[in-house]
Structures are given as C-alpha cells and as structure tokens.
Amino acid sequence: MMEVSASNGTVLIVDDTPGNLALLSDTLSEANYRVLVATDGCSAIEQIQYVKPDIILLDVMMPGIDGFETCSRLKADPATAPIPVLFMTGLSELDDLLRGFGEGALDYIVKPIRPAEVLARIEVHLTQSRNLRRAESLLDHHEFAAVAVDAAGGIVWLTPAAREWLADFSELQGMPQAADDMLPESLHGWFQRWLRQSGRNDAETESDAHRLAPGFTLRVSACQNPDEYLLLLQREDAQWTPETLRDKLKLTFREAEILMWIARGKTNKEIGIILTTSPRTVNKHLEHIFEKLGVSTRAAAVAMVLQRA
C-alpha cells in the first residue's frame, strides 16, 4: 500500500479570478498543501468558521467586501486574528499596500503570480507562525510568569501565570482586582521609583531580585522592544515543614501538609495527586484551614503563613 505523506499545511485562497485560483491550487497541491478556495470575502470568512487554514492568500480587489475589509474583519476576531494573511495585488495597486499592512497583512505577492515565489513566501511565513504558536503554547501551559510593560507601567503583554501572580499580589496588598492593562498600584509605584533610580542603561540588563512582599519577588530583564521592560515574576519557595505549620498555626498534620503545598503554588488537583486523595477532599480541608486562620482565600492563607512562620 502506498504511504500517504502528511500535508505541509492548509492554505485558503481568496480570489475571484478563475485562472489565478487554478494556478495557485495546482501549485500548492503539488507542493503537498491542502487547498481551500473562496471567491469573495464573505464566503471566505464563513468558511473559516468551519475549517481554519494555516495561512491565507487574499486578493485585494474582489466583488462585495474587498481584501482590505476582509482582512480587517479577520484580524478583529480573536479566533482568526493569528492566521497570517498575504495579499495578492497587481503592480498598479502597490500604492494601496500600506493600507493592507495597516489592516494586519504580513506580506504581499505581486501579480502575475510566480509559483516559486508563492511557495517561498508561504514557507517562510508558516515557519514563523508555527514557531510563534509553539512559544505561546509553552508560555500558556507552564508556570512562567512574565509581563512586558512600557515606561508608564502599562501592560503590553503577559502570560497566564503572570495574571494569576498579579491577582494574588493585589489581593495580598488589599487592592482591587488587578487589571490587564496596568500594573497594580503598589507595583506601579515601585516600578516608577526603580526607573528613576536605575536609569535606562541599568534597565538594559537583568536586575537583582526585588522582594515586594512576603512570597512575591521580581526581576527586571532586558526587553528587545524599545521603551519596554520585562518583569520576571517569582514566588518565594516556602521551605516550611508540615510540623512547623502545624505547631505555629494550630492545624492538623494533613491541613498543614495541604497548606504547605498551596504556599508552593500547587492546585487542589496537584495536591490530591501528591497526597493520594481527591481534589474534593483537599477542598474540604481547605475550608477548615480558612476557618481556623480567619481568612477566605488561598492568597490570604499563604500571606498569614509568611507572616507567622
């Protein structure tokens, strides 16, 4: 039996000219790409709701909504915004390309179409897109807490773990829930003081660790983008033993074990696996811990441990 090789990826071609569709479809199919076709922007957007391509070749001039509007709608939808878009345009339309880049397109292909150029550009942008998605997936699913900010303390980008760190830090400080667009008030104040004291030159290298509050430290690291700073957020690794917590906080041994693992950033599910019990049982113990300590959240419980132990 002949072995079928895996596809190099899925390409959506959006063009109302039959000749272009035929040439591109044949070129991409022969290069082992899966090919989707749409003849106008509206049908392309509808089709993407069912099958998301890895990259889109988009004609500028089409009936109905043109390529610019199509690209704008795709980039406005978080579900389709990451898909790279390459415009296809004639030489007479090159002056319009700046608008295309403004709508979110990555590159363009000049008609008449040259198959070798199309394949080269697709390969380059697919490789970059896949590397970016790998990095994003790694950051999204691991406990790496980092946030990029501008000089005013505005948040440009952050990882899911950083969002949790900022929320817990805000709660510990008795501040409102941390927003996604600005550093929490006390951290913002610290950052502004650090900028004034360190100066731009020192900000281009990684700083020493700064302890902001019990259990919360950060480093300021160099950022490749100008006037941006990368904050590497860390939690201090508590080294208490269950015996220490039991004696200090008047807990049972199992409650002390659970609180120790919570202080080390473990979830109920992870603690259940470690202690060979169910997450529901862990949660029940946690309720007793909250009651004994007079707190209502995990962050407050950890803060009390840091203060007393």
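In this predicted model, the side chains of D15 and N20 are joined by a polar contact of 3.3 Å. D15 is located in the loop that runs between strand 1 (10–14) and helix 1 (18–30). Its relative accessibility is 0%, so D15 counts as buried, the limit for that class being under 20%. Apart from neighbours within four places in sequence, the residues in contact with D15 are N20, L21, A38, T39, D59, M62, M88 and K111.

D59, one of these contacts of D15, belongs to strand 3 (residues 55–59). An unreviewed UniProt entry places the feature "modified residue: 4-aspartylphosphate" at D59. D59 has a relative accessibility of 3% and therefore also counts as buried. With neighbours within four places in sequence again left aside, D59 is in contact with V14, D15, D16, G67, M88 and K111.

The largest nonpolar core has 24 residues, of which V149, L187, F191, L231 and L233 touch the most other members. At least two residues of this core come from each of strand 6 (146–150), strand 7 (155–158), helix 6 (160–172), helix 7 (185–202), strand 9 (216–221) and strand 10 (228–235). Beyond its neighbours within four places in sequence, L187 is in contact with W165, L166, F169, L212 and L218.

Terms used. Residues numbered from 1 in each chain as written. Predicted model: local features only at pLDDT ≥ 70, side-chain atom pairs only at ≥ 80, totals over all residues. Heavy atoms only, no water. Core = buried A, V, L, I, M, F, W, Y, C linked by side-chain atoms within 4.5 Å. Buried < 20%, exposed > 50% of the residue type's maximum accessible area, 1.4 Å probe, protein only. Helix = DSSP H or I, 4+ residues; strand = E, 2+ residues; numbered from the N terminus. Contact = heavy atoms within 4.5 Å. UniProt positions renumbered as here; feature names shortened; annotations may be inferred. Polar contact = N/O pair within 3.5 Å; in protein donor to acceptor, adjacent residues only side chain to side chain.
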